[in-house]
Amino acid sequence: MKYLFDDKDGIIEEVRSQDRRAFFLDYDGTLTPIVRDPQKAFLPPKYRKVIASLLGDGKTFVCIISGRAIEQLKEFIGLKDLVLAGNHGMEISGPSIAYVHDGALRAKPLLKEIVEILKLTLRDFEGALVEDKGLTVSVHYRMVPVKHHPRLKRFFCRAMEKFLASNMFIVTRGKRVLEVRPNVVWDKGSAVKWILGYLSVHLLEEKPYPIYMGDDETDEDAFRVLKGQGLTVLVSPRKKASEASYFIKSVEEVYQFLGFLAS
Ligand SMILES: [Mg+2]
């Protein structure tokens, strides 16, 4: 894995020379800095402008892909004409594109029950946030004092036992977040593959050149799917083990790079 800005000129030339481009951009930690309160991750206007400048040339497709629910992404980003892939790609929505994963849809009623149980179980942890995202549920504990984290995780595991035993759900972890997802074979990588296929067939006349940027474990699935094609970029302050071919050090650098591509 190389630092992207060490090869900047060559990469920019390569991306610009493509007839069709498809950007897949993670949200938290990639397009916006990770904030203490996950309910307040609004996209600053200066950043919105950069993303908007990528759109509208008729040959660039932009998809924001996130673990968040689509409705919340809409509210945070405030840009039309974007394709949004929410819940790690289990739901996809945008101009002329729509998808919801079947298995995730089927697990929805039971997920409602999980939300209620987790809210009840964790109600005494100040700062813990149980977020109902429709197809998945997240427990954010960034605002819970660190000394309570082990106990919170214990309570969480106990509450989840019977649901996990049913094999219908899995638990994943991200940065100060535990997440319950339906046990379906679908991740950001599957979503990227699905969208690229859809684009080639329905929207663009040819297969676009994919550019994926993300900062977290869940983005590795997409890096893996895109191995050997396009450009994959991990957002990380330092080099680390990853399936991405390049890394970039900060959200600020992500926008610098996107700015070069748009102008
Ligand atoms: Mg992220």
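Which residue in β6 does S93 stand opposite? The views below are taken from a predicted model, and the first one gives the answer.

**Figure 1. Strands β5 and β6 pair side by side.**
S93 stands opposite A98 in β6. Strand β5 covers residues 91-94 and pairs with β6 in the antiparallel sense. Four bridges make up this pairing.

**Figure 2**
Strand β4 spans residues 83-86 and runs antiparallel to β5. Three bridges join the two strands. Look for G86, which stands opposite E91 in β5. Four residues lie between β4 and β5. In that turn, N87 has a positive phi of about 50°.

**Figure 2. Nine strands make an open sheet.**
Follow the strands across the sheet in this order: β1-β13-β12-β11-β2-β3-β4-β5-β6. The pairing is mixed. Which strands stand at the edges? They are β1 (2-3) and β6 (97-100). Each has a single partner strand, so one side of each has no neighbour in the sheet.
Helix α7, residues 217-225, touches β2 (21-26), β11 (209-214) and β12. Its direction makes about 160° with that of β11. Helix α8, residues 251-262, also packs on the sheet. This helix touches β11, β12 and β13 (246-248). The direction of α8 makes about 115° with that of β13.

Find V233 in strand β12, which runs over residues 231-235. Is V233 buried or exposed? V233 counts as buried because 26 other C-beta atoms lie within 10 Å, and the cut-off for buried is 20 or more.
What does V233 touch, leaving aside residues up to four places away in sequence? The contacts are L4, Y212, M213, A244, Y246, F247 and I248. V233 and D219 are 14 residues apart in sequence. In space, their C-alpha atoms are 9.7 Å apart.
The largest nonpolar core has 47 residues. V233 is among those with the most contacts inside it, along with F24, C63, I64, V192 and Y212. A second, separate core has 21 residues, including V130, V137, L152 and V180. In soluble globular proteins, nonpolar side chains tend to be buried together.

Strand β7 covers residues 129-132, and strand β8 covers residues 137-140. They run antiparallel and are joined by four bridges. L129 has H140 in β8 as its bridge partner. V130 is partnered by V139 in β8. Four residues lie between the two strands. G134, in the turn, has a positive phi of about 80°.

The order here is β7-β8-β10-β9, and the pairing is antiparallel. At the edges are β7 and β9 (169-174), each pairing on one side only. Neighbouring strands are turned by 20° against each other on average, direction ignored.
Helix α4 lies across β7, β8, β9 and β10 (177-182). The helix runs at about 30° to β8.

**Figure 3. E113 is a residue of helix α4.**
Helix α4 runs over residues 102-121, and E113 has its place there. Is E113 buried or exposed? E113 counts as exposed because 10 other C-beta atoms lie within 10 Å, and the cut-off for exposed is 12 or fewer. E113 and F163 are 50 residues apart along the chain. Their C-alpha atoms are separated by 10.0 Å.

**Figure 4. Two domains meet.**
The domain assignment gives domain 1 as 2-101 + 186-262 and domain 2 as 107-182. Their C-alpha centres lie 27 Å apart. How many residues of domain 1 are in contact with domain 2? There are 14, and they meet eleven residues of domain 2. On the domain 1 side of this contact, four residues are nonpolar, four are polar and six are charged.

Conventions
Residues are numbered from 1 along each chain as its sequence is written. This is a predicted model: local features need pLDDT of at least 70, side-chain atom pairs count only at pLDDT 80 or more; totals for chains, interfaces and linings use all residues. A nonpolar core is a set of buried Ala, Val, Leu, Ile, Met, Phe, Trp, Tyr and Cys residues joined through C-beta atoms within 7 Å. Two residues are in contact if their C-beta atoms, placed from the backbone, lie within 7 Å. Domain bounds come from an automatic or database domain assignment. Ala, Val, Leu, Ile, Met, Phe, Trp, Tyr, Cys and Pro count as nonpolar, Asp, Glu, Lys and Arg as charged, and the others, Gly among them, as polar. Two strands pair if DSSP finds at least two bridges between them. Axes are lines fitted to C-alpha atoms, for helices over the stretch in contact, and angles run from 0 to 180 degrees between N-to-C directions.
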